[in-house]
Amino acid sequence: MYDYFLGGKDNLAPDRTAAEMVLQIAPQIRIAAQQNRGFLGRAVRYLAEAGVRQFLDIGTGLPTQNNVHEVAHTIAPEAPVVYVDNDPVVLAHGRAILAGSKNVHIVQADLRRPEDILDNPEVRERLDFDRPIAILLVAIVHFLQESDGPEEIVARFRDVLPPGGHLVLSHVCGDALPDAVAPVTEIYRHSSTPIITRSTERIRGFFGDLELVEPGLVNVSAWRPDTVEAKRISEKYPDGYFPAGVARKS
Ligand SMILES: C[S@@+](CC[C@H](N)C(=O)[O-])C[C@H]1O[C@@H](n2cnc3c(N)ncnc32)[C@H](O)[C@@H]1O
C-alpha cells in the first residue's frame, strides 16, 4: 500500500484496492507518504553531513528512490548501511537490487524482537555501537501493536545508542484527522500489517530523553524542507499530519 501511495509499481491488486479505500477516507495520506520519504532522505543527508558514518535502517521497505544508502553514500561512500525488514518480498527485492552495492547489507529480522537485530552477526560485524550511529525507525513503529510493547522496544534501541548516536523516527498520527482513524485502522486491520495511530505526545515519548534536533517533532514536510515544493505541500496539506523527528544522545 505504501508503495502504491509512493507511485511505485511493486504492488498487487489487493494492495491497490485497500490503498484506494484509504485514499477515499483520507486523500492526504498519499502526500503524507511521499513527504515521509522526503523526510527520510533529508534526515539521512543531515546526519551524514553531521559526521554520522553508520546507519541501521529498520523497516526499510521496498527499494524506491533516495534509498538510505544512496543518500548517505553521496556524502560518505564508506559508511556501512544495514537494512532490516521482516517481509520476505522486501528482502528479495532488496537483495536483487543491492547485489554488488558496496557497504550495503540486508538482514531479515523483526522489530518486535530487538535482540534478534542487535545480536545479529551481520549487524554486529558491520556496525560498531561504540561509535556514532543512526538508528532509523521511519514509518514502522505504527505497525507495532500495543501488546508488542512499542515503548519498551523503541527504548531498547535508544539504550544502545552511544553518545553522538541518533534516532530517526516518524509515525502516523490521528490528531489532525480524528474521524479518519477508525475507518483507516479498520482497512489496515485486514492487511498483513495492521496499523495503530498514536497521539503526538506518545510519539514524542518514543524519543525519551534524547535531544530533538531543530526543528523538533514536526510534520514530515516541515522537517528542514529544502525545496519550494516541500514548503508548498506543507502549507497546502496542513492536516496530512505525520510527525517526525531526529534526536541525538548527548
Ligand atoms: C511503510 S514501510 C516504510 C519504509 C521506509 N522506512 C520509509 O519510511 O520510506 C514499513 C516497512 O516496515 C516493515 N515492517 C513492518 N513491521 C515490521 C517488523 N515488525 N519488523 C521488521 N520490519 C517490519 C514492512 O515490511 C515495510 O517494509
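Which helices each supply at least two residues of the lining of the second largest pocket? The legends below take up this pocket and several salt bridges in a predicted model.

Figure 1. At least two lining residues come from each of α3 and α11 (228-236). Helix α3 gives the most, with eight residues. By residue class, the lining of the second largest pocket divides into eight polar, five charged and five nonpolar residues.

**Figure 2. Salt bridge between R53 and E78.** In the whole structure, 13 salt bridges are found. One of them joins the side chains of R53 and E78, with an N to O distance of 3.3 Å. R53 sits in the loop between α3 (28-49) and β1 (55-58), while E78 sits in the loop between α4 (68-75) and β2 (81-85), so the contact ties together parts that are 25 residues apart in sequence. R53 is partly exposed, at a relative accessible area of 26%. E78 is also partly exposed, and its relative accessible area is 49%.

**Figure 3. Salt bridge between R131 and D128.** The side chains of R131 and D128 meet with an N to O distance of 3.6 Å. This pair falls within the 4 Å cut-off for a side-chain nitrogen of Lys or Arg and a carboxyl oxygen of Asp or Glu, and therefore counts as a salt bridge. R131 has a relative accessible area of 41% and is partly exposed. D128 is partly exposed as well, with a value of 30%.

**Figure 4. Salt bridge between E151 and R202, and the network around it.** The closest N and O atoms of E151 and R202 are 3.1 Å apart. The E151 and R202 pair is part of one network, in which salt bridges that share partners join E146, E151, R198 and R202. Side chains of opposite charge can pair when their charged atoms come close.

Notes
Residues are numbered from 1 along each chain as its sequence is written. This is a predicted model: local features need pLDDT of at least 70, side-chain atom pairs count only at pLDDT 80 or more; totals for chains, interfaces and linings use all residues. Side-chain values use heavy atoms; hydrogens and water are left out. Helices (H or I, at least four residues) and strands (E, at least two) are DSSP runs, numbered from the N terminus. Buried means under 20% relative accessible area, exposed over 50%, partly exposed in between (1.4 Å probe, protein chains only). Ala, Val, Leu, Ile, Met, Phe, Trp, Tyr, Cys and Pro count as nonpolar, Asp, Glu, Lys and Arg as charged, and the others, Gly among them, as polar.
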